[in-house]
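Colleague: I am new to this structure and would like a close look at a single part, the sheet. Could you take me through what it is made of and what lies against it?

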Amino acid sequence: MIRSALMNVMTAAALKAGRGLKRDFGEVENLQVSVKGPGDFVSAADKRAEKTVFEELSRARPGYGFLMEEGGRVEGSDKSHTWHIDPLDGTTNFLHGLPIFAISIGLEREGQLVAGLVYNPATDDLYIAERGQGAYLNNTRLRVAARRDLADALITCGIPPLNRAAGHARFQSELANVMRHAGNVRRLGSAALDMCFVAAGRCDGYWERGIQTWDMAAGIVLLREAGGFVTDADGGGEMMANGTICCGNESIHRRLLDLLREADMGRRAAPLKAAQL
Ligand code: 2AM
Ligand code: CA
């Protein structure tokens with residue numbers, strides 16, 4: 001495959017930041033006993049990686065705006081382009097020495113997602129896609145899995161953590177319903193990689209609520225270019241606005257959406273039933 005100038009720029013930024021993250025990841029286990037603890041170290045690693053990506057992309061594409069996990073919004077003079085950047089997606093995994101984390105870079109042009117890159121420095125997996133150009137993992141073309149039956153499917157999800165307890169009840173009812181029909185369910189801890197795994201046909205579907213544009217922008221491009229279906233968790237196109245994702249191949253995506261809707265309806269019906277007792 002021939003990489004575009006844009007993708008070369010994105011790749012160079014991710015590989016450079018990735019070298020730092022990989023080095024820091026190698027240190028994280030030693031830090032479990034340090035005085036300050038690994039939390040501060042991870043956030044320093046996070047910030048360093050973001051600074052690298054920000055500097056590289058600003059230099060190569062001056063004027064583009066940024067939305068970043070650490071630095072927030074940086075307005076650019078070029079209002080038609082915005083980068084969505086997560087320098088370390090899967091922070092909790094990184095902190096625990098689990099090699100499931102990634103740098104995620106998505107580019108929005110005139111309100112459309114046009115390019116995405118997700119790079120896991122621990123495994124050296126580089127996922128890239130540009131609108132209309134296909135999706136690739138380390139130069140191999142990606143295609144979502146062909147499995148149609150949920151009973152054979154491997155589904156991933158995101159579990160709202162302790163500090164997002166408001167989402168627990170809804171997630172539990174959704175998971176309960178998915179568990180009734182799907183072959184297996186996993187929780188991997190990196191939204192960006194979850195989406196890449198679906199794009200690569202390693203997993204068959206994924207849903208999560210409460211994530212951000214920088215978690216999903218790159219993954220959305222990758223999924224679409226791999227022939228996947230991606231919507232918000234209600235089946236609409238407002239993933240970036242409402243922070244929810246549901247994806248898979250055409251049939252698994254449709255079935256997952258049905259199960260989420262069913263779970264939600266069941267939850268709404270439950271208080272009524274109680275009142276009737
Ligand atoms: P992060 O690792 O960059 O925080 C895990 O299900 C996904 O949710 C990850 O992509 C994670 O990104 C994201 N996420 C967003 N807010 C989170 C939070 N408060 N705690 C843990 N993960 C969060
Ligand atoms: Ca993230």
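Modeller: Two strands are said to pair if DSSP finds at least two bridges between them, and both strands (E, at least two residues) and helices (H or I, at least four) are DSSP runs, numbered from the N terminus. This is a predicted model, in which local features need pLDDT of at least 70 and side-chain atom pairs count only at pLDDT 80 or more, while totals for chains, interfaces and linings use all residues. Residues are numbered from 1 along each chain as its sequence is written, chains are lettered from A and ligands numbered from 1 in the order in which they are written, and side-chain values use heavy atoms, without hydrogens or water.

The open sheet has eight strands with mixed pairing, in the order β2-β1-β3-β4-β5-β6-β7-β8. Its edges are β2 (72-74) and β8 (140-141), each of which pairs on one side only. Within the sheet, β5 (residues 112-120) and β6 (residues 125-130) pair in the antiparallel sense over six bridges, and Leu117 stands opposite Ile128 in β6.

Helix α6 (residues 213-225) lies across β1, β3, β4, β5, β6, β7 (134-137) and β8, at about 100° to β5.

A nonpolar core is a set of buried Ala, Val, Leu, Ile, Met, Phe, Trp, Tyr and Cys residues joined through side-chain atoms within 4.5 Å, buried meaning under 20% relative accessible area, against over 50% for exposed and partly exposed in between (1.4 Å probe, protein chains only). In the largest core, of 35 residues, Leu57, Trp83, Phe94, Ile105 and Leu117 touch the most other members. The elements α1 (5-28), α2, β1, β3, β4, β5 and β6 each supply at least two of its residues, and α1 gives the most, with 10. Leaving aside neighbours within four places in sequence, Ile105 has contacts that include Met10, Leu57, Trp83, Leu117 and Ala218.

The calcium ion (ligand 2) is coordinated by Asp86 (OD), Asp89 (OD) and Asp215 (OD) at 2.0 to 2.3 Å; donors are N, O and S atoms within 2.8 Å of the metal (3.2 Å for Na, K and Ca), and water is not among the atoms, so sites may look incomplete. Asp89 in strand β3 and Asp215 in helix α6 are 126 residues apart, a pair that links distant parts of the chain.

Definitions and conventions: Contact = heavy atoms within 4.5 Å. Axes fitted to C-alpha atoms, helices over the stretch in contact; angles between N-to-C directions.
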